Amino acid sequence: NVFAIQVAGTSMNKAKVNGKTIQNNDFILVDSIWKHYNNGDKVLVVIDGLATVKTYRTVDGKNIVLLPESTDKKHQPIFLTEEDEFVINGKVIDVLKMN
């Protein structure tokens, strides 16, 4: 149920998982067994066919905000409703550094 995926970009370069930040080219371990997410969980989400890693937050139990944690202010929150096409693939449980 756990798989790795390589991160591209800087939208989560301030986010920490197990004390490690998520940097460009790092690999993250994602546990796909998770189906109920808590505010603050780092999640892998596919929206309209494109994958992103963000911090999960629910607004009212139905609507979701995916928050970047970045030093680059160009990254903005993503707002999702039940009408949007998206799949939360799992919770980020670790970061593997490639240096």
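Asparagine 25 counts as partly exposed, because its relative accessibility is 41% (buried means under 20% relative accessible area, exposed over 50% and partly exposed in between, with a 1.4 Å probe and protein chains only). The model is predicted, so local features need pLDDT of at least 70 and side-chain atom pairs count only at pLDDT 80 or more, while totals for chains, interfaces and linings use all residues. Residues are numbered from 1 along each chain as its sequence is written, and side-chain values use heavy atoms, with hydrogens and water left out.

Asparagine 25 sits in the loop between β3 (20-21) and β4 (27-31). Strands are DSSP runs (E, at least two residues), numbered from the N terminus. Aspartate 48 is in the loop between β5 (42-47) and β6 (50-58). Aspartate 48 is exposed, because its relative accessible area is 61%.

| Asparagine 25 | positive, about 80 degrees | not a glycine |

Valine 65 belongs to strand β7 (residues 64-67). Is valine 65 buried or exposed? Valine 65 counts as buried, because its relative accessibility is 8%. Leaving out residues up to four places away in sequence, valine 65 touches Thr55, Tyr56, Arg57, Val59, Pro77, Ile78 and Phe79 (contact means heavy atoms within 4.5 Å). Lysine 54 is eleven residues from valine 65 along the chain, and the C-alpha atoms of the two are separated by 9.1 Å.

Notes. Helices (H or I, at least four residues) and strands (E, at least two) are DSSP runs, numbered from the N terminus.
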